[in-house]
Each structure stands twice: as C-alpha cells, then as structure tokens.
Amino acid sequence: MSDTERQTRSHLMRKFQEHGFHPRTHLGQNFLIDLNIIEFVVRNAELNSNDLVLEIGAGTGGMTTFMAREAGHVISVEVDRDMHLLASDAIAPYDNVTLIRQDALKNKNTFAPEIIEEINRRLNESPEMSLKLVANLPYSIATPVISNLVATEIPWSRMVVTIQYELGLRMQARPKQSHYGALSVWLQSQCDVEMLKQLGPTVFWPRPKVDSAIMKIVPNEKHREKIHDRAFFQDFIRRLFGFRRKFMRSVLVGMYRKQLTKQDVDDLLSEMDLSPTLRAEQLDVPTLVALGNRFQTRLTSPE
C-alpha cells in the first residue's frame, strides 16, 4: 500500500503544508488516521464488484481509494475545493471513481438532484448493482444524509458510516430512553440498526471534541412493508415527537385540528387501546407504525 493511501497524521499534515491550507473543522473535516479503522469500515461494508458506493465527504480520498479496489464503482462527493483537490490526486490511479464537487444536499430534507441523477444513471447502466453508503460522514449532515437515503426509492442495500456517538445512540434508542425520538422510529421502522464500534477522538485528525461511532444500517423489507405511506409516516413522527413531553392526544388534536375533531382522535386512540395520557416517547416502533397507518387511513378515506 502506498504512502498516499496510509492516511496518517504526519502524512496529512505534510500534504496540507505543501498545498498551503488547513482543515476546516466547521465543515466537519476530521479525517480518519487509523488504518485499522478504515479497513474495519470497508470490511463491514462487504464490498464487491456489484456494488455502487456513495461516499459523502471524500476528504483527502483516504477511504475512497480503499473502496475503489473492492467496489464496482464509487461516487464520492466533496463540497470543499481544497479537499476536492487532494482527493483528486489520491484517486488518480483509479478509473472506477466519480468525484463530484458540490454539496450532497439540496436542503435538509432532499439530496442534491445531481447526486440522485448520477446514482440512477449508474444503476440504470448496470442493473445488477446495488447502492451502499460508506463514509466518514461530516457530523453536521449525517442525520439528513442517512434519513434522506432511507426515504428515497433508490434500492440501497447497506450503510456503514462513522458519525457522532450521540447520534448513534439516538438511532438505536428504545422507548423511554432519553435518546429515543423521531429518528429512532424512522430508521428502526424500516431498517436493522447496529453500532459496530465506538471511536475515541484520537483516531481522527484534527481530533473532534466528542466520541464517534461506526454504524451499520441494513434495510428490513418486512418492517418497511407495514408502513402504508412512508412520506406521511415520516411527517407524522416528526410532528409527534416535536412535542415529546406533551400528552400524545393533545399533540394529535393540534396536528390535525383542521381535518379531525377531538372525538375522531379519541376514537382512533381507543381503537388501539392507547391511553390519552400516553406520550409518544413511551410507544414502541410497531405501535407508532400502526398508529400512523390508522391516522393516514382516516385522513385519506374520511367517512
């Protein structure tokens, strides 16, 4: 393995010195410098020639080159001009990497259309390929990137990502736990979520002020099929958990005051034997899915 692929602290510092710029921590530029961790991420992605990899945050291209040796093709996205320059140098020997310089997100709820177009183009050209998100995600965009990919109709098969440790706790949280919220429910209603490893700040340069985690997320079609309307359900749980400490009945009455009466809400809760004094954070994922389905049906098929 060449020194360019060994993304050590000294190597990166030398590279930055040569080009005359510095990491921009406000963009989440904390680079993995532990080769064992990079290999761990790529190994758990289980890449092969039928995989199309999406990497958000190419950084200096250290992980990109690892994936290019295993995957059929890598689409790597980097918004920062300086990092794009370094990543371009790193991936030069590989002809199966598309490096795109732009923000991966159009807004917090939507991927940039250029990214979706490139993914769809590759998948249409090679229908045997499946998409995997494998990345050292910038902390500031980790939630929308993961949540939005789950929301798309793109046939993705796995995510293996490094994110902030606290976010990892939120993803796999259970009812009544402090981290349990809309993101927990959204992911667990459609995926199997597993924390593979907790990472301290020392495996990154510059060192972040918090711990990180490597998460593996795999689609669970049996769970997903139980949701009648995923767009409705996503909005339903976001609004419901926006007032997580309030009684669920009062939140639901407020959410649908223009479409449903208080009695309608009481009836829907009664049908599921749910007390009006329950809070959303007390309900497990299957119950919330069933509740969302009932409201969706009632709102789209009024009596």
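The questions below go from the whole chain to single residues.

Trainee: What kind of model is this, and how are its residues numbered?

Mentor: It is a predicted model, in which local features need pLDDT of at least 70, side-chain atom pairs count only at pLDDT 80 or more, and totals for chains, interfaces and linings use all residues. Residues are numbered from 1 along each chain as its sequence is written, and side-chain values use heavy atoms, with hydrogens and water left out.

Trainee: How many helices and strands are there, and what makes a run count as one?

Mentor: The chain has 13 helices and 11 strands.

Trainee: How do you know whether the radius of gyration agrees with a compact globule?

Mentor: The rule is 2.2 Å times the number of residues to the power 0.38, with the radius taken over C-alpha atoms. For 303 residues, a compact globule would come near 19 Å. The chain has 21 Å, so the value agrees. Along the principal axes, the C-alpha atoms fill a box of roughly 70 × 45 × 30 Å.

Trainee: How much of the chain is buried, and what makes a residue count as that?

Mentor: The share is 53% of the 303 residues. Buried means under 20% relative accessible area, exposed means over 50%, and partly exposed lies in between (1.4 Å probe, protein chains only).

Trainee: Why is R158 called buried?

Mentor: Its relative accessible area is 14%. The limit is under 20%, so R158 is buried. R158 is found in strand β8, residues 156-164.

Trainee: Which residues is R158 in contact with, and what makes a contact?

Mentor: Contact means heavy atoms within 4.5 Å. Leaving aside neighbours within four places in sequence, the partners of R158 include N44, A45, E46, L131 and K216.

Trainee: What makes the approach of N44 to R158 a polar contact?

Mentor: A polar contact is a pair of N or O atoms within 3.5 Å; within protein, one must be able to donate a hydrogen and the other to accept it, and residues adjacent in sequence count only if both atoms are side-chain atoms. The backbone oxygen of N44 lies 2.8 Å from a polar atom of the R158 side chain. That distance is within 3.5 Å, so the pair meets the cut-off.

Trainee: Why is E46 called partly exposed?

Mentor: E46 has a relative accessible area of 49%. E46 lies in the loop between α2 (35-45) and β2 (51-56).

Trainee: What makes the phi of E46 worth a remark?

Mentor: Phi of E46 is near 50°, a positive value in a residue other than glycine. Most residues other than glycine have a negative phi.

Trainee: Is K176 buried or exposed?

Mentor: K176 has 65% relative accessibility, so it counts as exposed. K176 sits in the loop between α7 (165-171) and α8. Phi of K176 is near 75°, also a positive value.

Trainee: Why does R244 count as buried?

Mentor: R244 has 19% relative accessibility, and the limit is under 20%, so R244 counts as buried. R244 is in the loop between α10 and α11. A polar contact of 3.1 Å joins the side chains of R244 and E281.

Trainee: Which residues of helix α10 are buried?

Mentor: In α10 (residues 230-240), they are R230, F232, F233, Q234, F236, I237 and L240. These buried residues pack against helices including α6 (142-151) and α13 (285-300). At the start of α10, a side-chain oxygen of D229 comes within 3.2 Å of the backbone nitrogen of A231.

Trainee: Where is the cis peptide bond?

Mentor: The cis bond joins W205 and P206, with omega about -15°. P206 is in the loop between β10 (204-205) and β11 (212-219).

Trainee: Why does S275 count as partly exposed?

Mentor: S275 has 31% relative accessibility, which is between the limits, so S275 counts as partly exposed. The S275 side chain makes a polar contact with the T277 side chain at 2.8 Å.

Note on methods:
Helices (H or I, at least four residues) and strands (E, at least two) are DSSP runs, numbered from the N terminus.
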